[in-house]
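Visitor: I'm new to reading protein structures. Could you walk me through one, feature by feature?

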Amino acid sequence: MIAMFFIILASGYIWSIVMVMIITMLVYREVIQIAYHSAKGNLRWFKTMSWYYFITTEYFLYGESIIYYFKKIVMVDAFLLPFATHHRFISFVLYVIGFVFFVMNLKKGQYRSQMSQFGWTHMAVFLIVVQAHFIVDNILEGLIWFFLPAALVVCNDIFAYICGFFWGKTPLIQLSPKKTVEGFVGALICTLVFGFLTATLLMRFDYMTCPVTDLGASAWSNISCEPKNPVFTAAPWKLPSLIRFMLKFMCLTDTKEVWIAPFGGFFAIWIAPFGGFFASAVKRAFKIKDFGHSIPGHGGLTDRMDCQFLMGLFAYMYYQSFIKMYNVSVGTILALVINNLSSKEQLELLERLQTYLANQDHLATQIESVISKAQNLLSGTA
């Protein structure tokens, strides 16, 4: 399974996105299945409505991402432009259709159960579909923001189990009796070390750090991005006196600073495990051992992904708040021009841009024929 993950990761951005979408669908199916069986299959249209809301949510979220990241493609396509311009209204109408259908199918004697299942579906949409979509956005911002958070969660789980198995004595939380304080502390130390080493290694590869411009690119493609985000430039960190003394004692060298790259390892250690605790509470509420049986010996996919969704959301918020470089792009300007300027104003802008490029000696000979064609099209539609 690990080998397959790395193969998909190296095969290209699009395959990583497809992998996340498939996992999201399978996890959503497991969670909806639990509620369906708890109602003993007596609710009308429950499965149909659950999947309708899943598809509607996916349409809205992925549409938002496509419009945001690929404006310069979507905004110039005659077929896609109306969908892009009215995307949010279309998504809202789709949701309202589902809501009206649900209300029309309320059945006397089942109101309480139907309302409970309606709330369960929305909870599943929010905690699974919405959070998983942020993971896709992380991929589009650079594979490192997808791989590193996922790897930190896996590392934390592995070392929490190992340290807890050998030294665990003190229970950590009542929801998960097998979790111990010793395992938590051991995982904390190991995950911090793993995070520093992995972040420092991954930031050397443009395939991992560059935002996506070509979905078909793979690890073997010639990928580069300029300017490169400063966060991927290693910075010196002055060691505390105690650590300097320990290194000097063990290595017989006086090390004053080390070169590191920042990362979100602390969240993977302190907060992400609570996604697992929440999943444990859900299983106890429904009196089940596992969410499914899709992974032999490990339960369902939900049992393995419970911390990943929360960690993916954190990575997105962390990146957008502290890391992302907000540069004006061709797609951004194109969207402003198409949505806010009339046809005459667009033509005036094109002519002024032609004048500027000509004055700067950047104007290619083909631009004259392009402008002539644009003028003919505008005059023909007037």
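This is a predicted model: local features need pLDDT of at least 70, side-chain atom pairs count only at pLDDT 80 or more; totals for chains, interfaces and linings use all residues.

Visitor: Okay, the big picture. How many helices and strands does the protein chain have?

Guide: There are 17 helices and four strands in the protein chain. The chain has 382 residues, and 40% of them are buried.

Visitor: And what share of the contacts join residues at least 24 apart, among those between residues at least 6 apart in sequence?

Guide: That share is 70%.

Visitor: Now helix pairs. How do I describe two packed helices?

Guide: You give the angle between their axes and the distance between the axes. The crossing of α2 and α7 is right-handed.

Visitor: Which residues make that contact?

Guide: From α2 they include Y13, V20, Y28 and A35, and from α7 they include Q117, W120, T121 and L140. Sorted by class, the contact of α2 with α7 has 18 nonpolar residues, five polar ones and no charged ones.

Visitor: Can we try a second pair, α13 and α14? What are the angle and the distance between their axes?

Guide: Helix α13 (residues 273-285) packs with helix α14 (residues 301-323) at about 135°, and the axes are 7 Å apart. On the α13 side the contact uses P273, G275, G276, A279 and K283, while α14 brings D303, D306, C307 and L310. By class, the contact of α13 with α14 has four nonpolar, two polar and three charged residues.

Visitor: Next, cores. Which residues touch the most other members of the largest nonpolar core?

Guide: Think of a core as buried nonpolar residues joined through their side chains. The largest one here has 71 residues, and Y28, L143, W145, F146 and M311 touch the most other members. Helix α7 (residues 111-141) gives the most to this core, with 13 residues. There's also a second, separate core of five residues, with V74, M75, A84 and A335 among them.

Visitor: Let's zoom in on Y28. What does Y28 touch, beyond residues up to four places away in sequence?

Guide: Y28 touches S50, W51, F54, T121, A124, V125, I128 and V129.

Visitor: And A35, is that residue buried or exposed?

Guide: The cut-off for buried is under 20% relative accessible area. A35, in helix α2, has 1% relative accessibility, so A35 counts as buried. Setting aside neighbours within four places in sequence, A35 is in contact with F46, Q117 and W120. A35 and F286 are 251 residues apart along the chain, yet their C-alpha atoms are separated by 8.5 Å.

Visitor: Let me try V231. Where is V231 found?

Guide: V231 is in the loop between α10 (206-209) and β3 (235-238). With a relative accessible area of 15%, V231 is buried too. V231 and I323 are 92 residues apart in sequence, but C-alpha to C-alpha they are 6.8 Å apart in space.

How values were computed: Residues are numbered from 1 along each chain as its sequence is written. Side-chain values use heavy atoms; hydrogens and water are left out. Axes are lines fitted to C-alpha atoms, for helices over the stretch in contact, and angles run from 0 to 180 degrees between N-to-C directions. Helices (H or I, at least four residues) and strands (E, at least two) are DSSP runs, numbered from the N terminus. Contact means heavy atoms within 4.5 Å. Ala, Val, Leu, Ile, Met, Phe, Trp, Tyr, Cys and Pro count as nonpolar, Asp, Glu, Lys and Arg as charged, and the others, Gly among them, as polar. A nonpolar core is a set of buried Ala, Val, Leu, Ile, Met, Phe, Trp, Tyr and Cys residues joined through side-chain atoms within 4.5 Å. Buried means under 20% relative accessible area, exposed over 50%, partly exposed in between (1.4 Å probe, protein chains only). A crossing is left-handed if the near helix is turned anticlockwise from the far one by less than a right angle, and right-handed if clockwise.
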